[in-house]
Amino acid sequence: MLLPYYSELDKCIDRRLLSFMHNSSLVINAARGRLIDLIALYDLVHEKNIYAALDVFDVEPLPTEHPLLSLQNVIATPHIAAATVENYKNTGIHAAQTIIDFFEGKAITNLVN
């Protein structure tokens, strides 16, 4: 039996923490969607002069009817913007070329240790 995903980081940025934000503050989340309580964030952004820039959401993709998307002071971008057919093809070509370069004794570009 699979257990539902859970982390102690789920909604760790909750209504209480968000309430400490001053007017004209900016909330940025490009880490994990589950970190911020989106209902609390909506309430805060809607009621105060707070801004939000979000790249990740607890549900991906965020449904187009989500109330956050109706607010003028929210910027929402898709986290999976690089996941295109062209990018998958180019990634595969680059990986294959890197293996060829390695066996030919050439310098490896974009090496990550």
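Helix 2 lies across strand 1, strand 2 and strand 3, and runs at about 145 degrees to strand 2, where axes are lines fitted to C-alpha atoms, for helices over the stretch in contact, and angles run from 0 to 180 degrees between N-to-C directions. Helices (H or I, at least four residues) and strands (E, at least two) are DSSP runs numbered from the N terminus, and contact means heavy atoms within 4.5 Å. The model is predicted, so that local features need pLDDT of at least 70 and side-chain atom pairs count only at pLDDT 80 or more, whereas totals for chains, interfaces and linings use all residues. Residues are numbered from 1 along each chain as its sequence is written, and side-chain values use heavy atoms, with hydrogens and water left out.

The three strands form an open sheet in the order 1-2-3, with parallel pairing; two strands are taken to pair if DSSP finds at least two bridges between them. Strand 1 (26–29) and strand 3 stand at the edges with a single partner strand each, so one side of each is left without a neighbour in the sheet. From one strand to the next, the twist averages 5 degrees. Strand 1 and strand 2 are joined in the parallel sense over four bridges, and L26 has Y51 of strand 2 as its bridge partner.

The largest nonpolar core has 18 residues, of which L18, V27 and L41 touch the most other members. Such a core is a set of buried Ala, Val, Leu, Ile, Met, Phe, Trp, Tyr and Cys residues joined through side-chain atoms within 4.5 Å, buried meaning under 20% relative accessible area, exposed over 50% and partly exposed in between (1.4 Å probe, protein chains only). Helix 2 (38–47) and strand 2 (51–54) each supply at least two residues of this core, and the largest share, five residues, comes from helix 2. When neighbours within four places in sequence are left aside, L18 is in contact with I13, V27, I36, D37, A40, L41 and L44.

In the loop between strand 2 and strand 3 (74–76) is found L68, a buried residue with a relative accessible area of 1%. Apart from its neighbours within four places in sequence, L68 is in contact with L38, L41, Y42, L54 and V74. L68 and D43, 25 residues apart in sequence, are 9.1 Å apart in space, C-alpha to C-alpha.

Helix 3 (residues 85–103) has 19 residues and reaches 28 Å from its first C-alpha to its last, close to the expected 27 Å, the expected span being 1.5 Å times one less than the number of residues. Just after helix 3, G105 takes a positive phi of about 75 degrees.
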